[in-house]
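Subject: Structure handover

Hello,

Here is the structure we talked about. My notes follow below it.

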Amino acid sequence: MSSYETLELVRSGPVLEVRLNRPEVRNAFNGTVVDELQLAFREADMDPAVRVVLLKGNGKSFSAGADLAWMQQQAALSPEDNQHGAERMARMFLSIARCRKPVVGRMHGHALGGGTGLTAAVDMAFCSEDCMFGLTEAKLGIVPAVISPFVMQKIGVGRARTLFLTAERFDGREAQRIGLVHRAVPEAELDAVVQKAIGELLSSGPLAVASAKELIRTVGGLTLEEAVPVTSQWIAQLRATPEAKEGMGAFLEKRKPNWMAGS
Ligand code: COA
């Protein structure tokens, strides 16, 4: 595994924990964090032994979003370098959303600006009820630009229109209500809820989980009519794979499938 300056990577069996590790600035992300996150998610993608990625933050807060000192430095660069740095940030979010392994988020304390963006980019997020979210950018004279596609996919255009413009902060309960997170629970229960979700992911077929991610991405852009040949071909191919044979066979033979061996 590569060595990281701003992240802590912890492997426990098939789970890779990616922990943001700049607690002194509430895990605000600068260029190093951006590059390291992209590298960590590429490593997770390539490593067949990793089946789930858990994204969390060390210290008091999950993430205070983009490092505002770094944003100011970027603004002072040449227009080309400024643009290049912004694109690197956009690609970091994309690498999380497009990771072929399921990505679970654990948010606590604050997840503001890009922290809310990271919450939107993961497959499923869990947070403490008192975790504070917000697309706070407009209060700083900027906009939640590179995170907007991820946030809008999760919460919809209507809610984005209010939250991007008011830049108001909201708590974990509200984040659950609007679909930004899957569940908000008291902080004392957060780790147990995250572990339960990871257990569910590990008991599903690894190829099936990756295929399900791809299915959602593909079908989201199709009309009902366009979907018929695509989805029928999808299940026809999937149900003929060795993994499907094992999964359906295990059910019919009343045993655990081989990917659950040892659990
Ligand atoms: N960028 C750079 N530095 C940041 C930061 C950010 N986004 N968020 C926090 N920090 C720094 C603070 O400047 C402070 O540095 P200092 O110790 O040198 O003074 C340190 O992190 C701790 O922050 P502080 O505000 O004292 O901690 P807190 O626990 O009281 O509050 C937050 C935490 C996250 C609520 C608060 O820092 C905050 O509102 N940050 C801005 C969040 C935001 O709007 N992000 C959107 C960015 S696009």
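First, a term: contact means heavy atoms within 4.5 Å. On that basis, and leaving aside neighbours within four places in sequence, A40 is in contact with Y4, L7, L9, L16 and V18.

Some ground rules. This is a predicted model, where local features need pLDDT of at least 70, side-chain atom pairs count only at pLDDT 80 or more, and totals for chains, interfaces and linings use all residues. Numbering starts from 1 along each chain as its sequence is written, and side-chain values use heavy atoms, with hydrogens and water left out.

Helices (H or I, at least four residues) and strands (E, at least two) are DSSP runs, numbered from the N terminus. Two strands pair if DSSP finds at least two bridges between them. Axes are lines fitted to C-alpha atoms, for helices over the stretch in contact, and angles run from 0 to 180 degrees between N-to-C directions.

The sheet

It is an open sheet of six strands, in the order β1-β2-β3-β4-β6-β9, with mixed pairing. β1 (7-12) and β9 (183-185) stand at the edges; each has a single partner strand, so one side of each is left without a neighbour in the sheet. Neighbouring strands are turned by 20° against each other on average, direction ignored.

The bridge partner of S128 in β9 is V185.

Helices on the sheet

Helix α1 (residues 31-46) lies across β1, β2 (15-20), β3 (52-57) and β4 (103-107). Helix α1 runs at about 180° to β2. Helix α8 (residues 187-202) lies across β2, β3, β4, β6 and β9, at about 165° to β6.

Back to A40, which lies in α1. A40 is buried, with a relative accessible area of 0%. (Buried means under 20% relative accessible area, exposed over 50%, partly exposed in between, with a 1.4 Å probe and protein chains only.) A40 and L16 are 24 residues apart in sequence and 9.5 Å apart in space, C-alpha to C-alpha.

Helix α4 (residues 114-121) is mostly covered: eight of its eight residues are buried.

A helix pair

Helix α2 (residues 68-75) packs on helix α3 (residues 79-97) at an angle of about 140°, with axes 8 Å apart. The two are therefore oblique to each other. (Under 35 degrees counts as roughly parallel, over 145 as roughly antiparallel, 65 to 115 as roughly perpendicular, the rest as oblique.) From α2, the contact is made by W70, M71, Q74 and A75; from α3, by D81, N82, G85 and M89. These residues divide into four nonpolar, three polar and one charged. (Ala, Val, Leu, Ile, Met, Phe, Trp, Tyr, Cys and Pro count as nonpolar, Asp, Glu, Lys and Arg as charged, and the others, Gly among them, as polar.)

N27 lies in the loop between β2 and α1. N27 counts as buried, at 2% relative accessibility. Its side chain reaches the backbone nitrogen of R22 at 2.7 Å.

Which side chain does D67 join by a polar contact of 3.0 Å? That of R22. (A polar contact is a pair of N or O atoms within 3.5 Å; within protein, one must be able to donate a hydrogen and the other to accept it, and residues adjacent in sequence count only if both atoms are side-chain atoms.) D67 sits in the loop between β3 and α2 and is buried, with a relative accessible area of 11%. Not counting residues up to four places away in sequence, D67 touches R22, A28, F29 and N30.

Best wishes
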